[in-house]
Amino acid sequence: MSPRHLLSILPALLAAVLLHAAPASAQVQLTDITCKGTVKQTWTPGLKVLPADVRYTNDTDFTECTSASTGITSGRIRVDATFNNSCLANIERVEAVIEWSDGSESTVSLLGIGVNVVGNLQIFTSLGRVTSGQFEGGLVSLTNAFAARDFLACLTPMGLRALQGRTALIINTPSLPTPLPLPQP
């Protein structure tokens, strides 16, 4: 077969492969939950430009949760820990427990991966995984948004002592796909 002939039948071969592909129900499915709410974080002593050991607390209330596979309608995170941290290097890995409205829990391990300024908001994004409990193995994305002007406190003698803002959480729990059947000759 010449290369020209192969190129001429390529569209027909691709169509045959696509027609013999597994139905959508056999593809990767995601069981997920999405939440939004409020977050309050505190640091003692206040965060400054240079790193120091600080006591960190986090009170997050997910007041609106939607799940395709559970009856969960809300959740909350409470963290009280000590970190070496600063306003510039806020990337410490944190473990937290999400307490869900149905009485179940998810233990998550998160790492701050990015900070972006959008308009007058400073957006912090953390990614991680559910290490145990509800949605175990799920991929986690947590986004917190704070007023950018609040970060000017990093330059004061007291440092940044508290932030309040909005939060959004997404957990996707991938399931294994069904293998695609081989095309029949």
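Predicted model: local features only at pLDDT ≥ 70, side-chain atom pairs only at ≥ 80, totals over all residues.
Biologist: Which residues of the largest nonpolar core touch the most other members?

Modeller: In soluble globular proteins, nonpolar side chains tend to be buried together. A nonpolar core is here a set of buried Ala, Val, Leu, Ile, Met, Phe, Trp, Tyr and Cys residues joined through side-chain atoms within 4.5 Å; buried means under 20% relative accessible area, exposed over 50%, and partly exposed in between (1.4 Å probe, protein chains only). The largest core holds 32 residues, of which I33, W100, L160, L169 and I171 touch the most other members. At least two core residues come from each of β1, β2, β3, β4 (93-100), β5 (105-118), β6 (121-133), β7 (139-147) and β8 (160-174). Strand β1 gives the most, with 5 residues. Strands are DSSP runs (E, at least two residues), numbered from the N terminus.

Biologist: How many disulfides are there?

Modeller: A disulfide is a pair of cysteine sulfur atoms within 2.5 Å, and the count comes to 2. In one, the sulfur atoms of C35 and C65 are 2.2 Å apart. This pair links strand β1, which holds C35, to strand β2, which holds C65, across 30 residues. The torsion about its S-S bond is about 115 degrees, so the C35 and C65 disulfide is right-handed. Both cysteines, C35 and C65, are buried.

Biologist: Which parts of the chain does the pair of C87 and C154 tie together?

Modeller: C87 and C154 form a disulfide with sulfur atoms 1.9 Å apart. C87 lies in the loop between β3 and β4 and C154 in the loop between β7 and β8, so parts 67 residues apart in sequence are tied together. With a torsion of about -85 degrees about the S-S bond, the C87 and C154 disulfide is left-handed. C87 and C154 are buried. When the bonded cysteines are numbered in sequence order, the pairing reads 1-2, 3-4.

Biologist: Which residues are linked in a network of salt bridges?

Modeller: Side chains of opposite charge can pair when their charged atoms come close. A salt bridge is a side-chain nitrogen of Lys or Arg within 4 Å of a carboxyl oxygen of Asp or Glu. The structure holds 5 of them, and D59, D61 and R78 are linked in a network. R78 meets D59 at 3.5 Å, N to O. R78 lies in strand β3 and D59 in strand β2, so parts 19 residues apart in sequence are tied together. R78 also meets D61, at 3.0 Å; these two residues are 17 apart, with D61 in strand β2. R78 is partly exposed, at 33% relative accessibility, as are D59 at 34% and D61 at 28%.

Biologist: Where do D80 and R55 lie?

Modeller: D80 is in strand β3 (residues 75-85) and R55 in strand β2 (residues 52-67), 25 residues apart. Their side chains meet in a salt bridge of 2.4 Å, N to O.

Terms used: Residues numbered from 1 in each chain as written. Heavy atoms only, no water. Helix = DSSP H or I, 4+ residues; strand = E, 2+ residues; numbered from the N terminus.
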